[in-house]
Amino acid sequence: MMRGRSDPAQKKRTITILCVLALFLVFLYTYYGSIFGSQSHGASALEYGRSLRKLGSSYLGGDDETDGKLDETLTKYGQEDGDDDITVNSFPVCDDRHSELIPCLDRNLIYQMRLKLDLSLMEHYERHCPPPERRYNCMIPPPIGYKVPIKWPQSRDEVWKANIPHTHLAHEKSDQNWMVEKGDKISFPGGGTHFHYGADKYIASIANMLNFTNNNLNNEGRLRTVFDVGCGVASFGGYLLSSDIITMSLAPNDVHQNQIQFALERGIPAYLGVLGTKRLPYPSRSFELAHCSRCRIDWLQRDGILLLELDRLLRPGGYFAYSSPEAYAQDEEDLKIWREMSALVEHMCWRIAAKRNQTVIWQKPLTNDCYMEREPGTQPPLCRSDDDPDAIWGVPMEACISPYSDHDHKEKGSGLAPWPARLITPPPRLADFGYSNEMFEKDMELWRHRVENYWNLLSSKIEPNTLRNVMDMKAHMGSFAAALKDKDVWVMNVVPEDGPNTLKLIYDRGLIGSIHSWCEAYSTYPRTYDLLHAWTVFSDLEKKECSGEDLLLEMDRILRPTGFIIVRDKQSVVDFVKKYLPALHWEVVAQTDSSSDSDQDGDDVVLIIQKKIWLTSDSLRDSE
């Protein structure tokens, strides 16, 4: 017997087994790593959780030698000993492939977390936010070749292709004139699935069907707020702006992905959302008109629950303009849908206001009379008396009819002034909050003065067309937005989910907005707003024990390069924000205390910041 000599065949088998085992372990790590807290596969420059070490993807202007250092106590805005001396010089940069990340509408997160969702109910298009340990705590890079967006009103008709490098809709919808690829730009002829020859002609035809003066859909200021569901690239809403009508254009991040991104890049109000299982983040009786142009929604499903959600959103006497084959087609399937839908809306007390060619317009009743006259047991039922139609943050839809308040029933309508008087007239629903007309007028004057001061501080940095998409992150009664009426901007008014739901006052003033919690990411694409106004938002976040660092990264995500942030808060908050300026590539434009405002918030400090343009070194190399 020979000792110490190995069998060559056995050695070969051993090596083979070890290789297979190694490959298997690599597979397990790659596939399951994210479940145990590691990075998600395919995201080499991403990091979850709060540890913000540098991840190798350097960016121009950053300090590659200094890692971002965060401490949970920093959210207390410097109240802990030793925090005042900490400055964060760099944040990690997300992988370039995540330049369009929407954290709470991230399909990859759904797959990784194995969420059990009902696709038939569109749950996969609703908000599903990552837990803290799975958050992408990194800066979202702009795409290769990114340019400062084209200014309004030119942007309504064309945008830079490099900013949204997706042309599939131009090819898929080429026969419908949604958008056209032209060299380094994408142009928007104003077409849609139902209005190939232009939204302006289609809008005039709807006004004509309703016998409105001069075929103007604003009906002498009485029709101001519109809800466009399944909006495409929002040309319908874009062409309504010239008629002093503001539209909340809604679409999911679905197979027509980037449609809302295109809308916002154009400077048109829009929001990512879906008619699924949860109420939309808008209060009851918000819109004079809802519109669906071949929006591919099954309105009959679940006892008409989606149509009943529209009913909740419409004002007394509001309209639903529906352009779809069911309204005109004669084949048996479409006729069956039409008969069932007609029966449903009749039970909801809607009546046909007009029907022509491929469009039908229904009108909601002005009072509760029809509801009270229905036969007992008629479906859909009235909502329970304890159901609050304005409870909307994460609240499931109900297949029931929300009756009007006693005020609206007696007034036979909302009692709102026509636009533009509506903006400055105390809305009837002020009484729901115990607010007086005097309080409303004082709030309006206070914010008029504050906005005037803001624009004085910004004067050296902006031209009349510098700003277009504006967000008020804590809008209260909407007086910040009201003070901007003479500027060529629109404002997304955000109202906190845990405070008084004053969003209905904002809609009653002819403005738009949504409910939101700033402990989570907002439902919008990166780089979609030119100006963010944060009045005591950080102080409110501190009370909720949410992360101020997360909010800073979220603000950076949704702010366009060269855009501005106005922070109005206590001194410790301003000091906290300033510690992160180098890491975020933000620079101070102006800082002042509020003594110049002569208002009651004498302890407030105003900090105005501008975001610089930056690129990852990889993006710069590719663009060259």
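Predicted model: local features only at pLDDT ≥ 70, side-chain atom pairs only at ≥ 80, totals over all residues.
Residues are numbered from 1 along each chain as its sequence is written, and side-chain values use heavy atoms, with hydrogens and water left out. Helices (H or I, at least four residues) and strands (E, at least two) are DSSP runs, numbered from the N terminus.

Strands of a sheet pair through backbone hydrogen bonds, either parallel or antiparallel. Here two strands are said to pair if DSSP finds at least two bridges between them. Three bridges link strand 1 to strand 3 (residues 185–187) in the antiparallel sense, and Trp160 has Lys185 in strand 3 as its bridge partner.

A second open sheet has seven strands in the order 13-12-11-14-15-17-16, with mixed pairing. Its edges are strand 13 (512–516) and strand 16 (586–593), each with a single partner strand, so one side of each is left without a neighbour in the sheet. Neighbouring strands of this sheet are turned by 15° against each other on average, direction ignored. Strand 12 (residues 490–496) and strand 13 run parallel and are joined by five bridges, with Asn493 opposite Gly513 in strand 13. Helix 16 (residues 548–558) packs on the sheet and touches strand 11 (469–472), strand 14, strand 15, strand 16 and strand 17, where contact means heavy atoms within 4.5 Å. The direction of helix 16 makes about 140° with that of strand 15. Helix 12 (residues 437–458) lies across strand 14 (529–535), strand 15 (559–569), strand 16 and strand 17 (605–611), and runs at about 130° to strand 15.

Strand 7 (residues 287–293) is another element to look at. How many of its seven residues are buried? Seven of the seven are, where buried means under 20% relative accessible area, exposed over 50%, and partly exposed in between (1.4 Å probe, protein chains only). Strand 7 pairs in the parallel sense with strand 4 (residues 225–229) over three bridges, and Asp228 has His291 in strand 7 as its bridge partner.

Next comes a helix pair. Two packed helices are described by the angle between their axes and the distance between the axes. The axes of helix 7 (residues 301–313) and helix 8 (residues 332–347) come within 11 Å and cross at roughly 60°. That makes helix 7 oblique to helix 8, since angles under 35 degrees count as roughly parallel, over 145 as roughly antiparallel, 65 to 115 as roughly perpendicular and the rest as oblique. Asp303, Gly304 and Leu307 in helix 7 meet Met341, Leu344 and Val345 in helix 8.

Most residues other than glycine have a negative phi, and most peptide bonds are trans. The peptide bond from Trp152 to Pro153 is cis, with omega near 5°, and Pro153 sits in the loop between helix 2 (107–112) and strand 1. The bond from Gln379 to Pro380 is also cis, with omega near 0°; Pro380 lies in the loop between helix 9 (369–373) and helix 10 (406–411). Met122, although not a glycine, has a positive phi of about 65°. Met122 is in the loop between helix 2 and strand 1 and is partly exposed, at 32% relative accessibility. Arg527, not a glycine either, has a positive phi of about 60°. Arg527 lies in the loop between strand 13 and strand 14 and counts as buried, at 4% relative accessibility.

Conventions:
Axes fitted to C-alpha atoms, helices over the stretch in contact; angles between N-to-C directions.
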